[in-house]
Amino acid sequence: MPGKSFLHKLNPLTKVVWSLAVITLAFVYQEPLPILSLWASVLAVALIGKVLREILPAIRGLIIFAAIFFLFQVFLIDEGQVVFTLVPGTGIGRITDVGLKACTMLALRMLAMTSTIPVLLATTPPKDMIVAFVEKLKVPYVYALMLVTSLRFIPTLQEELSLVIQAQRAWAYDLEGRNIIKRFLALIPLALPLLLMSVQRARTMAISMETRAFGAGPRTSLHTSTFQLLDIGVISSCLLLTAVLAVVSLR
Amino acid sequence: MEPIIKVENFTFYYPDSQVPALAGINLTVQAGEFLGLTGPTGAGKTTLALALNGIIPNFQGGRMGGRVMVAGLDTAKTPCARLAGVIGSVFQDPEAQLVAEVVEDELAFGLENLAVPREEMRQRIGAALEMVGIASLRHRSLRELSGGQKQKVAIAAAVALRPRVLVLDEPTSELDPRGTLEIVALLQRLNRDYGITILLIEQKISVLAPRVPRLVCLNKGRIVADASPRQILAQEKLTTELGLEVPPVTALFRMLRRAGVYHGDLPLEVDEGQRELGRLLGSRASRA
């Protein structure tokens, strides 16, 4: 991962500052078009960072999420002119112009804000995140370690889940019932072994950490978190640009 | 000379258990020994390993009696962190015992905990990787490594703390035969070249027997045998009782012995058996 693009070389906290700047602007803007361009700028950053293709599935998921958000809200706003009715002649499924605009804003705002997260994750190794948080933000090491360790276990858990599914299938366990309640209940025989395996594994890990002097007292770190000239440049331009754009749009 | 490991009349009950996991264990190991430890599942092998590295009783509660001394430290009265620099541990599951994402960081973990300065840390990581023979893996992601490579990383992570003793609890149980032999050969090298005392818990007797000078057998929480593998494998009653998987070549020569045809040492490996068989047939042919 390191050295792929300038985005990968930045300090993780610089990218967090960028992310916060995008969130701030998403709240400042009150028109769809500026927010749309804000979102476009996030995708442009991903493109320059050579991770656009990599994060595309995540972006697609966020778009679906935003669409669901939009659909849930759009029928609930009564104000303004009615532009569309789902069942003509009745009040059911009425959409107004005010509602349409407000919900478009909501969906776009959410998209612009959340799209920075996949960019952040795709360009930052978790251990760099730990070092930056512990060294620069003084987050206690144990919390940072917990976060990263849980991230590390996700692929292992996925492997174990497919193992459990295969085992239950071998016992002719039905996982594909049509009834939604039955399907939900069918998850329990999957979740239980997975949970027990994780508890066992967590115990082994705790013992393994204990035998390597975990919690012995103050600790040192192999890696260090530094701000380069590039970081300072990016942070100051982020802050400056956000301030200028905010003042212009709020006037 | 003071023995490196001295277990004196050690008894341990897990919480809420009426049956002792270990009962009246006495074991002395001299510095530089390579010791094999075997026995059926539930015999107390893991419990003994955990008592040596201080997890019992510091981390795992329970009732205990007797005393465990490692390099002159009473494990019950010494914090695990202090013991970490004396005795290193490697476990069965290569996945669960690794905490980092990159090999180098895995080795750094223990050193960081002991607050080793950065420069010294780099150097010790390099040295440990060299000792284990995986210097080329230094910057690799742990996710990409095979089970055997992961176990080597776990061994290197223990070695980086410069322990005098290594305890390995069935480190090869999830490995294929080739991976198993590689790990055992590596441990022999660490023992011979660096003088690290090794205690290897292992079910695969055919791998263990030809390579360790001393084998300790546990059953139902007690030590039932402590001798050379040859002496232990000669006792048919004992090996049956323990369910030890006797190497086929050894079993064959045991039969020859019983039949009164063979009187020499029991071979533990096929090569050795072949040689003995050749000698046996040769002497019979010359007599006839």
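Reply: The place to begin is B:Arg258, an exposed residue with a relative accessible area of 58%. The model is a predicted one. The side chain of B:Arg258 meets that of B:Glu236 in a salt bridge, with 3.6 Å from N to O. B:Arg258 belongs to helix H11 (residues 248-258) of chain B and B:Glu236 to helix H10 (residues 236-242) of chain B, so the bridge ties together parts that are 22 residues apart in sequence. B:Glu236 has a relative accessibility of 29% and therefore counts as partly exposed.

Some salt bridges share partners: A:Glu160, A:Arg201 and B:Asp93 are joined in this way into one network. Over all chains, a search of the whole structure finds 27 salt bridges.

Another of these pairs is B:Arg214 with B:Asp226, whose closest N and O atoms are 2.8 Å apart. This pair also links distant parts of the chain, since B:Arg214 is in strand E9 (residues 214-219) of chain B, and B:Asp226 is in strand E10 (residues 222-227) of chain B, twelve residues apart. B:Arg214 has a relative accessible area of 15%, so this residue counts as buried, the limit for that class being under 20%. B:Asp226, at 36% relative accessibility, is partly exposed.

A further salt bridge joins B:Asp193 to B:Arg192, and here the closest N and O atoms are 3.3 Å apart. B:Arg192 is exposed, at a relative accessible area of 59%, while B:Asp193 is partly exposed, at 45%.

By class, the side of domain 1 of chain A that touches domain 2 of chain A has three nonpolar residues, one polar residue and no charged residues.

Four residues of domain 1 of chain A are in contact with four residues of domain 2 of chain A. The two domains of chain A bury about 350 Å² between them, and 90% of this lies on carbon and sulfur atoms. On the side of domain 1 of chain A, the residues that lose the most area to domain 2 of chain A are A:Pro12, A:Leu13 and A:Phe227, together 73% of what that side buries.

Terms used
Residues are numbered from 1 along each chain as its sequence is written. Chains are lettered from A and ligands numbered from 1 in the order in which they are written. This is a predicted model: local features need pLDDT of at least 70, side-chain atom pairs count only at pLDDT 80 or more; totals for chains, interfaces and linings use all residues. Side-chain values use heavy atoms; hydrogens and water are left out. Contact means heavy atoms within 4.5 Å. Buried area is the accessible area (1.4 Å probe) that two parts lose on being put together, summed over both. Ala, Val, Leu, Ile, Met, Phe, Trp, Tyr, Cys and Pro count as nonpolar, Asp, Glu, Lys and Arg as charged, and the others, Gly among them, as polar. A salt bridge is a side-chain nitrogen of Lys or Arg within 4 Å of a carboxyl oxygen of Asp or Glu. Buried means under 20% relative accessible area, exposed over 50%, partly exposed in between (1.4 Å probe, protein chains only). Helices (H or I, at least four residues) and strands (E, at least two) are DSSP runs, numbered from the N terminus.
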